[in-house]
Amino acid sequence: MAASRAGVCGACRCTTTGEIQRQSLVNLTPQDIERGVALACSCTARGDVSFDY
Ligand code: FES
C-alpha cells in the first residue's frame with residue numbers, strides 16, 4: 001500500500017461542498033474543480049465544509 005498524503009496519488013479524491021482552498025490540483029480537471037472535487041489531504045476548509053467519498 002502506498003501513501004501519498006501529498007496531493008499526488010488521488011486516493012483521497014472526494015466531492016466537497018463549502019469553501020475550500022486547494023494546495024494540489026494534480027489530476028483534477030477544470031470540470032472537477034467546478035463540481036467541488038478535491039484531494040482531501042491537500043485542501044484547507046474555509047468555513048463549514050462537507051466531504052463525500
Ligand atoms: S492521499 Fe494521495 S492525493 Fe491525497
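User: Let's start with Gly18: at 52% relative accessibility, does Gly18 count as buried or exposed?
Analyst: First, a heads-up that this is a predicted model: local features need pLDDT of at least 70, side-chain atom pairs count only at pLDDT 80 or more, and totals for chains, interfaces and linings use all residues. Residues are numbered from 1 along each chain as its sequence is written, and side-chain values use heavy atoms, with hydrogens and water left out. Buried means under 20% relative accessible area, exposed means over 50%, and partly exposed is in between (1.4 Å probe, protein chains only). Gly18 has 52% relative accessibility, so it counts as exposed.

User: Which residues does Gly18 touch, not counting residues up to four places away in sequence?
Analyst: Gly18 sits in the loop between β1 and β2. Its C-alpha is 6.8 Å from that of Ser50, although 32 residues separate the two in sequence. Contact means heavy atoms within 4.5 Å. Leaving out residues up to four places away in sequence, Gly18 touches Asp48 and Val49.

User: In what order do the elements of the protein chain run from the N terminus on?
Analyst: The protein chain has one helix and five strands. Both kinds are DSSP runs numbered from the N terminus: helices are H or I with at least four residues, strands are E with at least two. From the N terminus on, the order is β-β-α-β-β-β.

User: How many Å is the radius of gyration of the protein chain?
Analyst: The radius of gyration is taken over C-alpha atoms, and the globule rule is 2.2 Å times the number of residues to the power 0.38. For 53 residues that rule gives 10 Å, and the chain's value is close to it, so the chain is as compact as a globular protein of that length, at 10 Å.

User: What share of the 53 residues in the protein chain is buried?
Analyst: One example is Ser42, which is buried because its relative accessible area is 8%. Cys12 counts as buried too, at 16% relative accessibility. Over the 53 residues of the protein chain, the buried share is 26%.

User: Which residues is Ser42 in contact with, leaving aside neighbours within four places in sequence?
Analyst: Ser42 is found in the loop between β3 (37-39) and β4 (43-45). Leaving aside those sequence neighbours, the contacts of Ser42 are Gly7, Gln21, Arg22, Gln23 and Ser24.

User: How many disulfides does the structure hold?
Analyst: A disulfide is a pair of cysteine sulfur atoms within 2.5 Å. Take Cys14, which is buried with a relative accessible area of 3%. The count of disulfides in the structure is zero.

User: Which cysteine has the sulfur nearest to Cys14?
Analyst: Cys14 is in no disulfide. At 6.0 Å away, the nearest cysteine sulfur is that of Cys43.

User: Where is Arg5, a residue with positive phi, placed in the chain?
Analyst: Phi of Arg5 is near 50°, a positive value in a residue other than glycine. Arg5 is exposed, with a relative accessible area of 75%. Its place is in the segment before β1 (13-17).

User: What is the phi of Asn27, about?
Analyst: Asn27 lies in the loop between β2 (20-22) and α1 (30-34). Its relative accessibility is 63%, so Asn27 counts as exposed. Asn27 is not a glycine, yet its phi is positive, at about 60°.
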